[in-house]
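Work through the exercises below with the model open. Each task is followed by a solution in steps.

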Amino acid sequence: MTDAKTTSDTKKTQHPEHHNTGCAHTTGLPLLPAMSPEQLEEAWTTGLRAKGRRVTKQRLAVLHAVQDHPHSTADTIVQAVRERIPAITVQSVYVILADLTDIDLLRKFEPPGTPALYETRTGDNHHHAFCVRCGKVEDVDCAVGSAPCLTPSNFHGMALFSADVLYRGVCAGCQTEAEAELAKSQMQAAASVQH
Ligand SMILES: [Zn+2]
Ligand SMILES: [Zn+2]
Ligand SMILES: [Zn+2]
């Protein structure tokens with residue numbers, strides 16, 4: 001009887017912070033872009049401990065690398081982490097990225113046709129604008145402010161907690177480039193007509 005009680009108590013403490021609110025705003029770590037590296041490290045330390053993770057220099061190096069290179073691929077992050085820890089393996093960085101994503105210290109974002117991108121801005125339900133020419137990604141604040149930001153006409157009884165909005169377009173730099181290319185091809189066409 002004592003054993004049974006102990007077991008149920010253990011089970012209870014294994015899920016101390018199970019979120020059941022369905023609100024994406026409550027899950028992540030709200031990071032202000034204005035935070036200094038020291039303040040960020042303090043916030044990450046708190047976040048890691050809250051999720052039962054040890055604060056290691058490897059985990060902090062990955063978080064700094066993603067912070068310094070937002071919307072980066074795992075390969076870019078490996079290169080950045082190696083500036084701090086030259087001997088770290090690709091595999092270690094991949095494992096840490098996946099784990100930090102699981103505990104909402106990182107957000108993973110997968111635009112169509114490109115490898116997954118990582119960022120430290122989590123839990124604020126922001127969206128992304130993606131340039132279809134060069135792959136540039138910009139953050140777009142959620143227009144509605146809370147998840148799911150799109151209310152479906154029929155949600156088939158599911159408890160929805162998020163909706164991914166991807167704005168696709170052509171960035172300012174690519175628009176200028178496209179205009180220049182168009183002007184050049186028009187000049188070439190005009191020149192070939194004269195011959
Ligand atoms: Zn572009
Ligand atoms: Zn973002
Ligand atoms: Zn939204």
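Angles between axes under 35 degrees count as roughly parallel, over 145 as roughly antiparallel, 65 to 115 as roughly perpendicular and the rest as oblique. The model used here is predicted.

**Exercise 1.** State how helices H3 and H4 are oriented to each other, and list the residues that join them.

Solution. Step 1: H3 covers residues 57-68, and its axis lies 9 Å from that of H4, at an angle of about 125°. Step 3: their crossing is right-handed. Step 4: H3 contributes Ala61, Val62, Ala65, Val66 and Asp68, while H4 contributes Ile77, Ala80, Val81 and Arg84. Step 5: sorted by class, this contact has seven nonpolar, no polar and two charged residues.

**Exercise 2.** Do the analysis again for H4 and H5.

Solution. Step 1: H4 spans residues 74-84 and H5 residues 90-102; their axes come within 10 Å and cross at roughly 115°. Step 2: H4 and H5 are therefore roughly perpendicular to each other. Step 3: the crossing is right-handed. Step 4: on the H4 side are Ala74, Ile77, Val78 and Val81, which meet Val90, Val93, Tyr94 and Leu97 of H5. Step 5: the residues of this contact are eight nonpolar, no polar and no charged.

**Exercise 3.** Describe the protein chain as a whole.

Solution. Step 1: count six helices and six strands. Step 2: read their order from the N terminus as α-α-α-β-α-α-β-β-β-β-β-α. Step 3: of the 195 residues, 18% count as buried.

Definitions and conventions
Residues numbered from 1 in each chain as written. Chains lettered and ligands numbered in written order. Predicted model: local features only at pLDDT ≥ 70, side-chain atom pairs only at ≥ 80, totals over all residues. Axes fitted to C-alpha atoms, helices over the stretch in contact; angles between N-to-C directions. Helix = DSSP H or I, 4+ residues; strand = E, 2+ residues; numbered from the N terminus. Left-handed = near helix turned anticlockwise from the far one by under 90°. Contact = placed C-beta atoms within 7 Å. Nonpolar A, V, L, I, M, F, W, Y, C, P; charged D, E, K, R; others polar. Buried ≥ 20, exposed ≤ 12 C-beta atoms within 10 Å, placed from the backbone.
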